[in-house]
Amino acid sequence: MTPFRIRVPASSANVGPGFDSMGLALNLYLTLDVSASATWKIEQHSSHLPEVTDVDNHYIVTIARDIAGRWNQEFPPCKMTVWSDIPLARGLGSSASAIVAGIELADQACALALTREKKLELATEMEGHPDNVAPALMGGFVISTVTDRAIDWVQLPMPDADVIVYIPEAGLMTEAARKALPDTYQRELAASASARSNVLVASLASGDFHLAGNMMECDLFHEPYRAELIPNYDDIRSEAKKSGAYGTVLSGSGPTMMSFAPTGKGESIVSHFKELLPDYQVALLQIDHDGAVISLQG
Ligand SMILES: Nc1ncnc2c1ncn2[C@@H]1O[C@H](COP(=O)(O)OP(=O)(O)O)[C@@H](O)[C@H]1O
Ligand SMILES: N[C@@H](CCOP(=O)(O)O)C(=O)O
């Protein structure tokens, strides 16, 4: 096996009313260096990675073995070095990045030649929704949906904007944040919620970030139910707006929040919020346009 590197970006899902459907890739990365080895050797170099005590419990390896098994192959032992700058359980798609990394790992190490569509189908099955895994695989801003026949997706060019994230100290597991949501929605509410999502997509497609900012802040699918789980939810939204942001949303299921702001405004918003929220990690991020990248080493 030629040694290889897998790099998968973080992602921010939902963007307000695009619940379980919209997401964008961000320039925080999970990186794996992989080479052949007679026995398993895993080194991890980040406080953002769960501790591994046993290769059989390693999430990424478990996924790679599962995928290899579906193609009747045994995943070989490897030397694997892992880095990550994606914080866990903060709504920045760490689990989606790990799933995509596991699929890419099996594809590369077992020469499965999976298509992009197949990888998306597998990753969506494992994550339960395509909104994080689609941008983690493809990069950029991706709108996707699962229908009876396929996973349909569109990569929408995003108008230029600064992206600011506010990451609190304590995490929130996606599973717990999904439990806060209702099982069903009344027709009138569902129609209004999806109409807001439609206008959000249309405003992004036409480059009207002012309207997009308003639409992303009036979600009815998930934010109203999750707001009480999120520290400083109302204050971050209103203070970001006052500081010039177009709009602020929950990143994924939270607790991270994310603002879009006019290009060039991001730095002053970051400095302002670093003072306001000293316990948070506040950062200016870029949209990643590459998605999952495999590079042969040496
Ligand atoms: N790089 C990784 N390696 C192993 N497990 C991971 C990795 N990234 C995420 N996970 C698993 O996913 C969980 C977080 O997933 P989730 O609650 O969906 O939050 P997030 O918003 O970060 O995706 C972690 O607690 C861990 O079990
Ligand atoms: N649509 C999902 C997105 C979860 O994203 P994560 O980054 O919090 O795992 C949801 O809102 O539950």
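The shell around ligand 1 holds 11 nonpolar, seven polar and one charged residues. Here Ala, Val, Leu, Ile, Met, Phe, Trp, Tyr, Cys and Pro count as nonpolar, Asp, Glu, Lys and Arg as charged, and the others, Gly among them, as polar. This is a predicted model: local features need pLDDT of at least 70, side-chain atom pairs count only at pLDDT 80 or more, and totals for chains, interfaces and linings use all residues. Residues are numbered from 1 along each chain as its sequence is written, while chains are lettered from A and ligands numbered from 1 in the order in which they are written.

Of the 19 residues around ligand 1, Tyr59, Ser94, Ser95, Ala98 and Thr174 come nearest (near: C-beta atom, placed from the backbone, within 6 Å). H1 and H2 are the elements giving two or more residues to this shell (helices are DSSP runs of H or I, at least four residues, numbered from the N terminus). Ligand 1 lies between domain 1 (4–156 + 288–296) and domain 2 (162–285), because both give residues to its shell. The domain bounds come from an automatic or database assignment.

Now take H1. Its buried residues are Ile60, Val61, Ile63, Ala64, Arg65, Ile67 and Ala68 (buried: 20 or more other C-beta atoms within 10 Å of its own, C-beta atoms being placed from the backbone). Their cover includes helix H2 (94–109) and helix H3 (116–127). Leucine 105 touches Ile60 and Ala64, among others (contact: C-beta atoms, placed from the backbone, within 7 Å). Just after H1, asparagine 72 has a positive phi of about 55 degrees.

Methods
Buried ≥ 20, exposed ≤ 12 C-beta atoms within 10 Å, placed from the backbone. Contact = placed C-beta atoms within 7 Å. Lists of a residue's contacts leave out its neighbours within four places in sequence.
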